[in-house]
Amino acid sequence: MPHVHIKPSVMVIPAGFYDEYPTQMAAIEKAGINTLAIGYIYTFLEKNTFKITSDLEKQIDIISIVLKQGERGEELKNAFEYLVNDLKGLSSKITDKRTGYVGALAYNGAHGLDSSIPYYMPMELAGVENILSDAMDYEGSGVKTYSASNIAKGMKEDTILFVDASGYYQNGSSNDSMGVAKLFQGHDAYIVADYIWTGMNYDTIFVDAYQIMRYAYGDSVLTETQFEEKVNKVYDLFYKTHLSNRNISEFKSYTVSLPSEGTTIFEDMSKFHEVARGNPIYGAVSIDSDGKLSLVA
């Protein structure tokens, strides 16, 4: 590829970069590039109301002003409200709440099934009760490791295991992770899209919520066709399209055959994930007596 000189009119960067990367920030300043500093947001919806937090609202407002995209800023704020209301409407159809545990969440890299979080927003949005009940740390990702005995305390007969796609491949690599898997033998288990944390990947939080709702409650709350429509709507709201036909042939280390007509963003992400990680971002999972996970064909 030819060398491309990019001269942005503005760079949006986390405020902490001024202290963490002084040399790089000085170089950016010397180049005459304007910067807009924003804070880290670790959770973007209020815990019980699911209203957008004032921090995120301010962040969208200031970025909208700087980029002269006021209309788009309003659209994004409305997108959060629309998706929350849609999930609330679907949740009202739930007659018997189920419990769940999510494992293999990423923090500073991928981890096994013993890594989880007591406030997992997608599960809350989906009307599934988290079996972890300790206090949430709102100043970080909130993810930490839990012992099998700690997890077992809150389990019920029909507790569902949700496995974050980012760490699915890690499961066989530690006894702690396999110990957690053994707890869930005979339980429903599913892969859900990579979560990261609730201050980023806003789209994925909602996609995960629809996935969890579909897996936990099935057709009585959300049919497969409706699920696909809802996921496409998430991407339409955030990216103005749910279709993808990226040319990713430049990534020489991966060999992904791309459909000539493109596909949905959700399917495209899943195909790429299979190449990079060896597993898709959705699907049923079975657990053998050794605590090994395998995808149900």
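**View 1. The largest nonpolar core of this predicted model.** The core holds 73 residues. Phe44, Tyr120, Leu125, Phe162 and Phe206 touch the most other members. Helix α8 (residues 202-217) supplies the largest share of this core, eleven residues. In soluble globular proteins, nonpolar side chains tend to be buried together.

**View 2. The surroundings of Phe162.** Neighbours within four places in sequence are left aside here. Phe162 is in contact with Gly100, Tyr101, Val102 and Gly103, among others. Its contacts also include Met123, Val128, Tyr190 and Val192. Ile212 and Tyr215 are in contact with Phe162 too.

**View 3. An open sheet of six strands.** The strand order is β5-β3-β7-β8-β11-β12, and the pairing is mixed. β5 (129-130) and β12 stand at the edges, each with a single partner strand, so one side of each has no neighbour in the sheet. Helix α8 packs on the sheet, where α8 touches β7 (160-164), β8 and β11. The direction of α8 makes about 165 degrees with that of β8.

**View 4. Strands β8 and β11 side by side in the pairing.** β8 (residues 189-192) and β11 run antiparallel, joined by two bridges. Ile191 has Gly283 of β11 as its bridge partner.

**View 5. The two sides of helix α7.** α7 spans residues 175-183. Ser177, Met178, Val180 and Ala181 are buried. Seen down the axis of α7, the buried residues fall within an arc of 155 degrees, so they line one face of the helix. Asn175 and Asp176, on the other side, are exposed. The buried residues pack against β3 (99-103), α6 (148-152), β11 (283-287) and β12 (293-295).

Terms used:
Residues are numbered from 1 along each chain as its sequence is written. This is a predicted model: local features need pLDDT of at least 70, side-chain atom pairs count only at pLDDT 80 or more; totals for chains, interfaces and linings use all residues. Side-chain values use heavy atoms; hydrogens and water are left out. Buried means under 20% relative accessible area, exposed over 50%, partly exposed in between (1.4 Å probe, protein chains only). Helices (H or I, at least four residues) and strands (E, at least two) are DSSP runs, numbered from the N terminus. The arc is that of the directions from the helix axis to the C-beta atoms. Contact means heavy atoms within 4.5 Å. A nonpolar core is a set of buried Ala, Val, Leu, Ile, Met, Phe, Trp, Tyr and Cys residues joined through side-chain atoms within 4.5 Å. Two strands pair if DSSP finds at least two bridges between them. Axes are lines fitted to C-alpha atoms, for helices over the stretch in contact, and angles run from 0 to 180 degrees between N-to-C directions.
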